[in-house]
Amino acid sequence: MSEFSALDAAHLHCRSLERAIVRLRRDGLGRIAEWGGLLAAALPAGGRLLAAGNGGSAAQAQHLTAELVGRYQRERTAYSAISLHAETSSMTAIGNDYGFEHVYARQVAAHGRPGDILLLLSTSGRSANLITAAVAGRAAGLRVWALTGPGPNPLVDAAHDHLSVAGDTTATVQEAHLVAVHLLCEAFDAALAEPAEALARGAAPAVFPVEGRVS
């Protein structure tokens, strides 16, 4: 590939990402803020976040759980968040004994409790193991969220709620998903701070709904 064509490809990629971020800002910020508030209600009450994805989406899931167990920007309490693909012995045992379609669903059945949140990340929204995990999560009483590429897709249909990011390529969708992950961390931290700030002002803290919206 010539130097010019490589540079041209880079410009095209950046423009594609810019369009995806514009759409995320226009269509997704309200949903992300809502999810942050729901996380801020669930995790301090003893709930946990379970997250899963395949390939690059698995890396995004682990990025999110690391920010919750550690910290994003401000110092705060550690919260329970588990990336299911990081359980390598469980993953390989389940895949070997039950098939790859069940590597997440069986872990959800084992670890998930009513009130927990299951976040499934997929650029296609068509991964069988994530759809099966969504079904298992709903059966176990978890709130199931899907962060996907363009909808409609089967994972959106299987989840209680979803955020579909429109992008021209898989790479663009994954890059926009990383922005969404960081925005979710920001929304979570902001929602955690709201009750303390409200109490300091003498106001009642915000109450977030328990039931998720079915898409």
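Author: Histidine 85 lies in the loop between β2 (81–83) and α4. Helices (H or I, at least four residues) and strands (E, at least two) are DSSP runs, numbered from the N terminus. The model is a predicted one, so local features need pLDDT of at least 70 and side-chain atom pairs count only at pLDDT 80 or more, while totals for chains, interfaces and linings use all residues. Residues are numbered from 1 along each chain as its sequence is written, and side-chain values use heavy atoms, with hydrogens and water left out.

Is histidine 85 buried or exposed? Histidine 85 counts as buried because its relative accessible area is 17%. The scale runs as follows: buried is under 20% relative accessible area, exposed is over 50%, and partly exposed is in between, with a 1.4 Å probe and protein chains only. The C-alpha atom of histidine 85 is 6.3 Å from that of alanine 52. Along the chain, these two residues are 33 apart.

Now α4 itself. This helix covers residues 88–98 and contains aspartate 97. Aspartate 97 has 57% relative accessibility, so it counts as exposed. Its side chain has a polar contact of 3.2 Å with the side chain of asparagine 96. A polar contact is a pair of N or O atoms within 3.5 Å; within protein, one must be able to donate a hydrogen and the other to accept it, and residues adjacent in sequence count only if both atoms are side-chain atoms.

Step back to the whole chain. It has eight helices and five strands. From the N terminus on, the order is α-α-β-α-β-α-α-β-α-β-α-β-α. Of the 215 residues, 42% are buried.

Next, another aspartate in a loop. Aspartate 116 lies between α5 (105–111) and β3 (117–122). Aspartate 116 is buried but has no salt bridge. A salt bridge is a side-chain nitrogen of Lys or Arg within 4 Å of a carboxyl oxygen of Asp or Glu. The nearest side chain of opposite charge belongs to arginine 48, 4.4 Å away. For charge, Lys and Arg count as positive and Asp and Glu as negative; His and the chain ends are not counted. The backbone nitrogen of arginine 48 lies 3.0 Å from a polar atom of the aspartate 116 side chain.

Elsewhere, salt bridges do form. The structure holds six. One of them joins aspartate 27 to arginine 26, with the closest N and O atoms 2.9 Å apart. Both of these residues are exposed.

Which residues does arginine 31 link into one network? Start with glutamate 34. Its side chain meets that of arginine 31 in a salt bridge of 3.9 Å, N to O. Glutamate 34 is partly exposed, with a relative accessible area of 27%. Then comes aspartate 161. Its salt bridge with arginine 31 has closest N and O atoms 2.8 Å apart. This pair links distant parts of the chain: aspartate 161 is in strand β5 (residues 161–164) and arginine 31 in helix α2, 130 residues apart. Aspartate 161 is buried, with a relative accessible area of 2%. Through shared partners, Arg31, Glu34 and Asp161 form one network of salt bridges.

The structure has one cavity of 30 Å³ or more. On a 1 Å grid over the protein atoms alone, a cavity is a set of points where a 1.4 Å probe fits but cannot get out; lining residues have an atom within 4 Å of a point. The largest cavity holds about 40 Å³ of space. Grid points are joined across faces, edges and corners, and a volume is the space filled by probe spheres set on the points. Two elements, α2 (29–42) and α8 (170–201), each give two or more residues to the lining of the largest cavity. α8 gives the most, three residues. The lining includes Ile32, Trp35 and Leu184. By class, it has nine nonpolar, no polar and no charged residues. Ala, Val, Leu, Ile, Met, Phe, Trp, Tyr, Cys and Pro count as nonpolar, Asp, Glu, Lys and Arg as charged, and the others, Gly among them, as polar.

Last, two prolines. Proline 150 is in the loop between β4 (143–148) and α7 (154–158). Proline 150 is partly exposed at 39% relative accessibility. Its C-alpha atom is 4.6 Å from that of alanine 166, 16 residues away along the chain. Proline 152 is also found in the loop between β4 and α7. A cis peptide bond joins glycine 151 to proline 152, with omega about 0°. Most peptide bonds are trans.

Terms used: 1 Å grid on protein atoms, 1.4 Å probe; cavity = no way out; pocket = protein on both sides within 12 Å on 5 of 7 lines; lining within 4 Å.
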